[in-house]
Amino acid sequence: MMSENLIEIKGVRHAYQTGDGPLPVLDGLELAVPEGGFCAVVGPSGCGKSTLTRLVAGLMKPDHGEVWLHGQKVTGPKSTVGMAFQNPVLLEWRTILQNVMLPLEIVPNKMSKREQEERARHLLALVGLEGFEEKRPSELSGGMRQRASLCRAIVHKPEVLILDEPFGALDAFTREDLWQTMHKVKAEEPFTGVLITHDLRESIFLADQVIVLSGRPARTQYVMDVHLTGERDLEHLYTPESAEALNILRHQIKVAQGRAEEGEAA
Amino acid sequence: MSLKQVAVPILALVLFGLFWEWLVWVNGWPNYKMASPSDLWPAFWKFRWLFLEYAWDTLWRTVVGLLLAVIVGVLIGMVMGFSRTMRDALYPLLVGFNAIPKATVVPIIALMFVGQHDFNTILIAFLISFFPIAVSVSIGLSTLEPEYRDILASLGASKVAIFWKIALPKTLPEFFGALKVAVTLAFIGTNLMEIVEPHGRGLGHLFDSGKISADYPLMFAVLIALAIMGILLYYVVVALEKIFAGWAERSPN
């Protein structure tokens, strides 16, 4: 069955203007995510992954090439996009509930104030933050703040969710907790996702497609479809098929870093 | 506020007064050298209506000057905070202006607008106090992490919405920090002008009258009145800070 690609990046090239002339960051970036798909993007650090998120979000325009969302060329920011970053950037002067409701103050919607609050409360309960609605961000732990940030990213029912290393600053156990929360959220609140990450285990646990970017300037170097069968739980990360997938990805990262040849055995 | 929170500063004040009285008594200073606290009350009572009238002059001039400083300071801060070019252009100018001792500006202003007592006084209060506000707002805005902007910008929010919902509230703690400095500065500015201007009004003028008539207890009484007003103004700002930026204060635990 062919499904329409909700996110499509075609031949994107981009360079930043610096004092020493242009610094190319993306060169020949290709990416296609079908509706409901979840694509993880991995690559060496500083290879332009965050630039990619800003392109998809319409926060900047590429020098060459096109970014398409839902059959429309991206020309500027769109309210059908939700974003979460490594830094949860919650507003300290608002309660957790008010933080989650923030996008609804910007995005036109037909919800009454009461419905907005109900939706925010529902999402907070879904990620396990029931009872923390009236707390300030400073009263929450890092993992809890990231959960609240996730709620804020999806409260306006975006078609596309962009996650820029959202779990990067968390400890390993909290991170694994949040992976499972992500699956729970995706089951209840369908979205098409792009996840930027440094963590290969995270990429195969969450995504159904992993894209490896080459070193700067980044191009799409390798695409892997992940077929972890059935409901995903953490045990899946320790099966032979996961080990094989991780091996291949690790090798591809080495190639991207210029530490191994493309053809070399993993 | 607990009893202790009120009692401790009052006790400190009483002890300070007693120490002062003792110091004057033990040295046998005449009151034209150093007035003692017990001389102040008669001096104050003698001119109580003048004190009230002039305190009001000083107060409203200071507050108007400060409000002007807030408006202009925030505007300059916004321009410098949002535009790198404007910051580069304005910064040396502002720093240079701020470096000029305001005591030297006072006679110039007094000559430029002779007789315009209210205007002159407000102008000095404003000139002396807008700088910290402008600097703090510009720093607050220019150091806003890009992610804060992006969470709203990615939804297509306007620049105005981003300013009101994120940049402005995020800058409030810095703004109030600067306002605490500015309120004291504005007060100094008001009094500088009131002291220098002939035939003026305000507590500064009363101080000058005390000097001319060699009424030392009156001069000291003015100083105490100024200190009390300064404390009141300062705590008004602290109260405003609690209301508008109380979230920035972490609960001690």
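The model is predicted: local features need pLDDT of at least 70, side-chain atom pairs count only at pLDDT 80 or more, and totals for chains, interfaces and linings use all residues. Residues are numbered from 1 along each chain as its sequence is written, while chains are lettered from A and ligands numbered from 1 in the order in which they are written.

Let's start with chain A. It has 7 helices and 10 strands, where helices (H or I, at least four residues) and strands (E, at least two) are DSSP runs numbered from the N terminus. Its radius of gyration is 19 Å, close to the 18 Å that the globule rule gives for 266 residues, so chain A is as compact as a globular protein of that length. That radius is taken over C-alpha atoms, and the rule is 2.2 Å times the number of residues to the power 0.38. A few more numbers for the chain:

| Property of chain A | Value |
|---|---|
| Box filled by C-alpha atoms, along the principal axes | roughly 55 × 45 × 45 Å |
| Buried residues, out of 266 residues | 39% |
| Contacts between residues 24 or more positions apart, among contacts with a separation of 6 or more | 72% |

Here, buried means that 20 or more other C-beta atoms, placed from the backbone, lie within 10 Å of the residue's own. A contact needs two such C-beta atoms within 7 Å.

Now the sheet. Four strands of chain A make an open, antiparallel sheet in the order 2-1-4-5, with strand 2 (21-34) and strand 5 (72-73) at the edges. Strands pair if DSSP finds at least two bridges between them; strand 1 (residues 5-18) and strand 4 (residues 64-69) of chain A have 5. Within that pair, Ile7(A) sits opposite Leu69(A).

On to the cores, each a set of buried Ala, Val, Leu, Ile, Met, Phe, Trp, Tyr and Cys residues joined through C-beta atoms within 7 Å. The largest holds 113 residues, and Val41(A), Cys151(A) and Ile133(B) touch the most other members. Helix 6 (residues 117-142) of chain B gives the most to this core, 14 residues. Leaving out residues up to four places away in sequence, Ile133(B) touches several residues, including Val70(B), Phe175(B) and Leu179(B). A second, separate core of 13 residues includes Phe207(B) and Leu226(B).

Finally, the interface: 19 residues of chain A contact 17 residues of chain B. Strand 6 (81-85) and helix 2 (96-106) of chain A each give two or more residues to chain A's side, and strand 6 of chain A has the largest share, with 3 residues.

Key. Buried ≥ 20, exposed ≤ 12 C-beta atoms within 10 Å, placed from the backbone.
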